[in-house]
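Thanks for coming. Please have it open while I talk.

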Amino acid sequence: MDCLFCKIVAGEIPSQKVYEDEEILAFRDIAPMAPVHILVIPKAHIGSVDEVTAENSGVVAHIFQVIPRIAQAEKLEKGYRVVSNCGEHAGQSVKHLHFHILGGRQLSLEMA
Ligand code: 5GP
Ligand code: ZN
């Protein structure tokens, strides 16, 4: 499958990893929008939030257990934002489920 993040999981495209286990990978965004900008992805391909099901949602729960540990390691004690863009109107550019962790500065309150 021609998927950028599957290639990152496979090591075909290099990334700056900050966390990895059997199920998930977290790495720094190539075009950071905040001092800390990390992407957390399932290793198995899921296209977007729209493709989360009863069968594969365990990995999403796992991602949300790991996110606070990453935030702590990145010293985001003042807070951070978790975002997942889903589909065209949200501007999803990579069709492999990912959660942005954004922090390290006061973030805008604008959500749209
Ligand atoms: P989206 O717009 O789909 O929510 O987020 C995709 C994110 O992937 C963007 O923030 C973009 O900067 C990041 N990105 C795109 N290509 C690469 C890459 O090759 N390596 C890394 N580390 N991030 C990438
Ligand atoms: Zn993929």
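By class, the lining of the second largest pocket holds four nonpolar, three polar and five charged residues. Nonpolar here covers Ala, Val, Leu, Ile, Met, Phe, Trp, Tyr, Cys and Pro; charged covers Asp, Glu, Lys and Arg; the others, Gly among them, are polar. The residues that line this second largest pocket include Lys-75, Glu-77, Lys-78, Arg-81 and Arg-105. Its volume is about 190 Å³.

Some ground rules. This is a predicted model, where local features need pLDDT of at least 70 and side-chain atom pairs count only at pLDDT 80 or more, while totals for chains, interfaces and linings use all residues. Residues are numbered from 1 along each chain as its sequence is written, chains are lettered from A and ligands numbered from 1 in the order in which they are written, and side-chain values use heavy atoms, with hydrogens and water left out.

A pocket is found on a 1 Å grid over the protein atoms alone: an open set of points where a 1.4 Å probe fits, with protein on both sides within 12 Å along at least five of seven lines; lining residues have an atom within 4 Å of a point. Grid points are joined across faces, edges and corners, and the volume is the space filled by probe spheres set on the points.

Now the largest pocket, at about 900 Å³. It is lined by 36 residues, and Asp-29, Met-33, His-37, His-100 and Leu-102 are the closest to its centre. Helix 1 (4–10) and strands 2 (24–28), 3 (36–42), 4 (80–83) and 5 (99–103) each give two or more residues to that lining. The lining divides into 20 nonpolar, 11 polar and five charged residues.

What order do the elements run in, from the N terminus on? The order is α-β-β-β-α-β-β, with helices (H or I, at least four residues) and strands (E, at least two) taken as DSSP runs numbered from the N terminus. The radius of gyration, over C-alpha atoms, is 14 Å, close to the 13 Å from the globule rule (2.2 Å times the number of residues to the power 0.38) for 112 residues, so the chain is as compact as a globular protein of that length.

Last, burial: buried means under 20% relative accessible area, exposed over 50%, partly exposed in between (1.4 Å probe, protein chains only). Of the 112 residues, 38% count as buried. Cys-3 is buried at 5%, whereas Cys-6 is partly exposed at 22%.
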